[in-house]
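Thanks for coming. I have one structure to go through today, and I will keep to a few places in it. Please bring it up on the screen.

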Amino acid sequence: MLKKAIVLAGAAALTGLASTAVLAGPDDDELVIDGETFVTELPGFEGSPLDPIYSGWRFRDDATQALEMDDFENPAFVFVEQAAESWETVEGTEGKSCASCHGAVEESMKGVRASMPSYNEAAGELWSLENYVNFCRTERMGADALKWDGDELNAMTALIALQSRGMPMAPVIDGPAAEWFERGKEIYYTRYGQLELSCANCHEDHTGDMIRADHLSQGQINGFPTYRFKNTKLNSAHGRFKGCIRDTRAETFAPGSPEFRALELYVAWRGQGLSIESPSVRN
């Protein structure tokens, strides 16, 4: 009886969404930052479940879009500036800073975000950008690891991602990364929680619909870390994954877990070719 009630609740949620949502698809605006035009729309590529492919920026209102187009107004840059100071700050037992090994962040980190997450041969597993940051801290600097989805780590990954801004998303999904990709795909289409909803139920079936005073985008992650008005801070892709699964009334995976790293790879592939916007601004 309980199972039947749960299934009916999930069906009711989807039916209610379809019947009461206001269709508000992507607009035709262009994202331009510092004179550079960003790719926010692409035709679907071979194997893609989406056609066209849109950045989440295209689903935002004009005021939110404008904030991302101006680095001075973009609230995420408060955190990026803090990370830039941390990049030069000596921490840990080895007397090193990030700059001690990598030099200027503008030069050494350019292009890094574009291929994330990536398979780490030495570790034998898929690593997100956060894994690489914490490895440097613990193994090379002798410093403590930063908390996954915490303010400090999100700021540092935003600083690093900024150096790839405007470059296309280009994750590698073959070779040893293939099994992680398939695992992420399975998670994307698996129904979770009492509402029995999958990622695809919202971000494929109801793209452009309006729910809870916001528009459902395709769930692209080319803008992460992103500043959200909802909690007035930077948010990681894993933090967003956690929130989505939690909203299905399920026990969620943890940020940094193998499950979320696999999901990150699959979602990154879905948006390949979109310009990296980090740090973006979203609702």
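Searching the whole structure for aromatic pairs gives 15 of them. One of these pairs is Trp127 with Tyr132: the ring centres are 5.0 Å apart and the planes are at 75°, so this is an edge-to-face pair. Bear in mind that this is a predicted model.

Are the two partners buried or exposed? Trp127 has a relative accessible area of 10% and is buried, because the cut-off for buried is under 20%. Tyr132 comes out at 24% relative accessibility, so it counts as partly exposed.

There is also an aromatic cluster, made up of Phe45, Phe181, Tyr188, Tyr189, Tyr266 and Trp269.

Next, helix H8, which runs over residues 178-189.

Which residues of H8 are buried? They are Trp180, Phe181, Gly184, Ile187 and Tyr188. Around the axis they cover an arc of only 125°, which means they sit on the same side of H8. In an α-helix there are 3.6 residues a turn, so residues three or four places apart point the same way. On the other side of H8 we have Glu179 and Glu186, both exposed.

As for what covers the buried residues of H8, the elements include strand E6 (118-120) and strand E7 (125-127). Helix H9 (199-203) and helix H11 (258-270) are also among them.

The last stop is Gln220. Where is it found? Gln220 is in the loop between strand E9 (214-215) and strand E10 (226-228). With a relative accessible area of 9%, Gln220 falls under the 20% cut-off and is therefore buried.

What is Gln220 in contact with, leaving aside neighbours within four places in sequence? The residues are Leu50, Ile53, Tyr54, Val267, Arg270, Gly271 and Leu274.

Two polar atom pairs involve the Gln220 side chain. With the side chain of Gln218, the side chain of Gln220 makes a polar contact at 3.3 Å. The backbone nitrogen of Gly271 lies 3.3 Å from a polar atom of the Gln220 side chain.

One distance to finish: Gln220 and Met109 are 111 residues apart along the chain, and 22 Å separates their C-alpha atoms.

That is the end of my part.

Note on methods: Residues numbered from 1 in each chain as written. Predicted model: local features only at pLDDT ≥ 70, side-chain atom pairs only at ≥ 80, totals over all residues. Heavy atoms only, no water. Helix = DSSP H or I, 4+ residues; strand = E, 2+ residues; numbered from the N terminus. Buried < 20%, exposed > 50% of the residue type's maximum accessible area, 1.4 Å probe, protein only. Contact = heavy atoms within 4.5 Å. Polar contact = N/O pair within 3.5 Å; in protein donor to acceptor, adjacent residues only side chain to side chain. Expected span 1.5 Å × (residues − 1). Arc of directions from axis to C-beta. Phe/Tyr/Trp six-rings, centres within 6.5 Å; stacked < 30°, edge-to-face > 60°.
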